[in-house]
Amino acid sequence: MRKLLLSFIIIVIAIVYIGRLSYLQLLDTSNKNPLNDTAIKAIYDYPERGHIYDRNGTLLVANQPSYDVMVIPRDVKPLDTLEFCKLLNISKEDFIKKYRKAYVYSPRLPSVFVPQLSKKEYAILQEKMRKYEGFYIQKRSLRHYMTSVGANVLGYISEVNDRDLRKYSYYQSGELKGRQGVEEQYEEVLRGQKGVKFIQKDRFNREIGSYKNGIFDTLPVPGKDITLTIDNQLQKYGEELMIHKRGGIVAIAPKTGEILALVSAPSYDPDLLVGRKRSRNYTELYYDSIAKPLYDRGLNAMYPPGSPFKTINALIGLQEGVIDEHTTFTCYHGYRYGRNSFMGCHCPSGTHNDLIRGIQVSCNAYFANTYRRVIEKYPTSAEGMNTWEEHVKSFGLGNYLGYDLPTGKSGKIPDADYYNRVYGERRWYATNTLSNAIGQGEVLATPIQLANLTATIANRGYYYTPHIIKKIEEDTIPHKFVEKHQTTIDPKNFEPVIQGMFDVYRYGTASSLQIPDINIAGKTGTAENFTKIEGKRAQLTDHSIFVAFAPVEDPKIAIAVFVENGYWGSRWAGRIASLMIEKYIKGEITRTDLEKYVLNGSLEEEYAKPLSGKSFTINDGKTFIKWPTENTIKTEKKPLP
């Protein structure tokens, strides 16, 4: 009986084991991923990234072949290390470091050992790779830039890092991923899908053929081509105009929200971040903490918008009914308010300005009066401020706009809560916030926000979300880019403001910048500029700001230009804006006098002043900045000649 029982137990156990093994081999689908099997080798086939074109069909970014030396640490056999290092042009210390890094990542998965061999290096090494077990050459493509401009728009590609590997299951160590610009924003579209081939190995780690006849193998799917809204010739011209200057230019097509040019200065040649020289070049660009070439000023730099912001206050005043186009205020060379506060203005004392002329001559007193009327229309300053803030934000200011680039800043539009925190509830009034009337104080905006504001005025009250993508191969662009955003201002209220901006070019602060046969509406701006020198606040030469759109009767381009330390609006920014408008609309330049001034001009001397360790003057010598000898930097007004 015992023998029968023992035999029965053995038979049952055998049946259970056979059944379980049969289930795992034939029926179980829970662990079909061959990557989890140490007896299977995965060989990846990388597709070409999609090409990038400008709005006119000009090829901006293509591909070029690249060869990476890959390593599977577990498969490495003893080798002539010195010979191998000589072939790869690396030291023995580098070899050990790279091998250990690959082993830590995974002993059985491939890692990039030496990336991006040249064709010559590849030809030499290919003949001898059979000698180095565990190493092989992987072909893939690198970017080939057909343009030397637009680096901030295009971005670049580089190897994935540890954070990428934790965040994205798609990537393996050593693979490439888009960084910055459209390369990052449209990574999934451009990269395609890599293919994979699985190879079965025997117990001696020898390859014996395709795993399960290739049923898990996949073919690569090429990346899709994309077309950008950028006009490469306009972008190139903008970058040329900004040589030896710092700042940003953003040009938008008002009727669509398409970004025509996105210039950040200083910039760099995108080809610097391709190939084995990429790491060294990137390090140099990254650590340039003075010029900051990797910092996209068009999207990230927040400046006081200055006088162009007066157009919004004019529109809010009209919408709130506190002024009309015939409302007149007297300017006494400025505006006096509170006990001893005074906001200066360049209008002669006793000047009477209506709305259109107030915009034309950029009268601070006119807009200080308008702003006060808006805030004081309501029972409390808080209610007035929140109403004002709602109007301003309807133009896209104070938020990220939703454009399709991976970086940016929201700017700043203060509300009642902000001033309640600063002054206390019911302890502040319109006069405490009067700098908002002229685009100073707490108000901050990026160049792209001001360009969008200008496009909104050109459209008489609506805008489309600014965007960089025009077309995706075999696909459509996101729906949000064709949705119209309406402001809180009635269309009729835009007409006198546009007339005032038109008069800026005809008779006002930009009258010297007119372009033949193009009707331009614009607004000059000058914003105070402060920095810290040795931890102390010091004033520098003012920023030059200009916004414009053209033609007035059928707007095709809206533009905002910021030039850091550029003195006043029409001196640098205004000239650049006028030239960009003529370049886009006519395709050629007739105002060669403006072009010569800008191309030959430099502001490097201004940028060097706070780094000199010496006292210096700003704003054409009108103000003297004394180098700190005590706890503060002294600012002394020099007498006018």
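Which helix gives the most to the lining of the second largest pocket? H3 does, with seven residues.

The model is predicted: local features need pLDDT of at least 70, side-chain atom pairs count only at pLDDT 80 or more, and totals for chains, interfaces and linings use all residues. Residues are numbered from 1 along each chain as its sequence is written, and side-chain values use heavy atoms, with hydrogens and water left out.

**View 1. Lining of the second largest pocket.** The space in this pocket is about 930 Å³. A pocket is an open set of points on a 1 Å grid over the protein atoms alone, with protein on both sides within 12 Å along at least five of seven lines; lining residues have an atom within 4 Å of a point. Grid points are joined across faces, edges and corners, and a volume is the space filled by probe spheres set on them. Of the 31 lining residues, Lys101, Glu159, Val160, Asn161 and Asp162 lie nearest the centre. Two or more residues each come from helix H3 (92-105), strand S4 (111-117), strand S6 (156-159), helix H6 (162-167) and strand S7 (176-179). Helices (H or I, at least four residues) and strands (E, at least two) are DSSP runs, numbered from the N terminus.

**View 2. The largest cavity.** A cavity is a set of grid points where a 1.4 Å probe fits but cannot get out. The largest cavity holds about 210 Å³ of space and is lined by 13 residues, with Tyr46, Pro47, Arg49, Leu176 and Arg191 nearest its centre. Strand S5 (135-145) and helix H8 (187-191) each supply at least two residues of this lining.

**View 3. An open sheet of three strands, in the order S1-S8-S9.** The pairing is antiparallel; two strands pair if DSSP finds at least two bridges between them. S1 and strand S8 (residues 195-201) are joined over six bridges, and Lys41 stands opposite Ile199 in S8. Strand S1 (40-45) and strand S9 (207-210) are the edges, each with a single partner strand, so one side of each has no neighbour in the sheet.

View 4. Buried means under 20% relative accessible area (1.4 Å probe, protein chains only). Among the buried residues are Lys310, Asn313 and Glu320. The cover over them includes helix H14 (364-376), helix H17 (447-458) and strand S20 (521-533), where contact means heavy atoms within 4.5 Å. Just after H12, Gly321 has a positive phi of about 75°.

Conventions: Buried means under 20% relative accessible area, exposed over 50%, partly exposed in between (1.4 Å probe, protein chains only).
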